[in-house]
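User: I would like to go through the terms used for this model and the grounds for each of them. Please take them one at a time.

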Amino acid sequence: MFVLIVGCGRVGSGLARSMLSEGHTVSCLDQDPESHARLELDMEQSWEEAGGTFTVGAALESGALEVAGIERADAFVAATNGDNTNIVISQIARKRYQVDTVIARILDPWRAEWYREQGLEIICPTRVAIEMLEDGLHRAAGKTGGS
């Protein structure tokens with residue numbers, strides 16, 4: 001599967017390394033050329049030698065998305081640090097380029113739910129953290145017999 005990941009921070013680069021190690025073809029797009037270094041953490045060879053590609057460019061520019069390979073992407077992940085950017089580029093990937101699988105990271109739980117209801121596939125790390133913290137507190141309350 002050809003995967004295009006936009007945003008190579010901790011989440012995007014970690015996902016990219018994981019997908020590449022599973023044998024997928026992975027292309028990354030980020031406006032910061034320094035983010036390339038995150039792709040090679042703990043790797044014995046360069047990102048490109050391992051088969052990945054990296055494009056420097058703005059996620060909201062069609063030209064950058066096309067250089068990164070959006071026209072042949074089977075899956076698209078919007079993992080920048082901006083909810084608005086992730087929402088817009090996800091819609092571009094789905095509607096303009098008709099990518100089969102489009103997933104957006106949205107940090108704001110309320111916006112994430114609204115866009116999920118509109119049909120976008122959303123991952124909300126904030127909601128996941130809230131649920132994990134609630135579970136931890138519920139387990140602790142159960143151990144102490146609190147109510």
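This is a predicted model: local features need pLDDT of at least 70, side-chain atom pairs count only at pLDDT 80 or more; totals for chains, interfaces and linings use all residues.

User: What makes the largest nonpolar core a core, and which members touch the most others?

Analyst: A nonpolar core joins buried nonpolar residues through side-chain atoms within 4.5 Å. The largest one has 25 residues, and Leu4, Val6, Ile70, Phe76, Val99 and Ile122 touch the most other members. Elements that give two or more residues to this core include strand S1 (2-6), strand S4 (75-78) and helix H5 (109-117). A second core of 14 residues is separate, with Val3, Ile5, Ala16 and Trp47 among its members.

User: Which residues does Phe76 touch, leaving out those up to four places away in sequence?

Analyst: Contact means heavy atoms within 4.5 Å. The residues that Phe76 touches include Leu4, Val6, Leu65, Ile70, Ile89 and Val99.

User: Why are the buried residues of H5 said to line one face of the helix?

Analyst: Buried means under 20% relative accessible area, and in H5 the buried residues are Pro109, Ala112 and Tyr115. Down the helix axis they fall within an arc of 125 degrees, so they line one face of H5. Their cover includes H4, strand S6 (121-123) and helix H6 (125-144).

User: Which exposed residues does the face of H5 turned away from its buried side carry?

Analyst: That face carries Trp110 and Glu117; exposed means over 50% relative accessible area.

Note on methods
Residues are numbered from 1 along each chain as its sequence is written. Side-chain values use heavy atoms; hydrogens and water are left out. Buried means under 20% relative accessible area, exposed over 50%, partly exposed in between (1.4 Å probe, protein chains only). Helices (H or I, at least four residues) and strands (E, at least two) are DSSP runs, numbered from the N terminus. The arc is that of the directions from the helix axis to the C-beta atoms.
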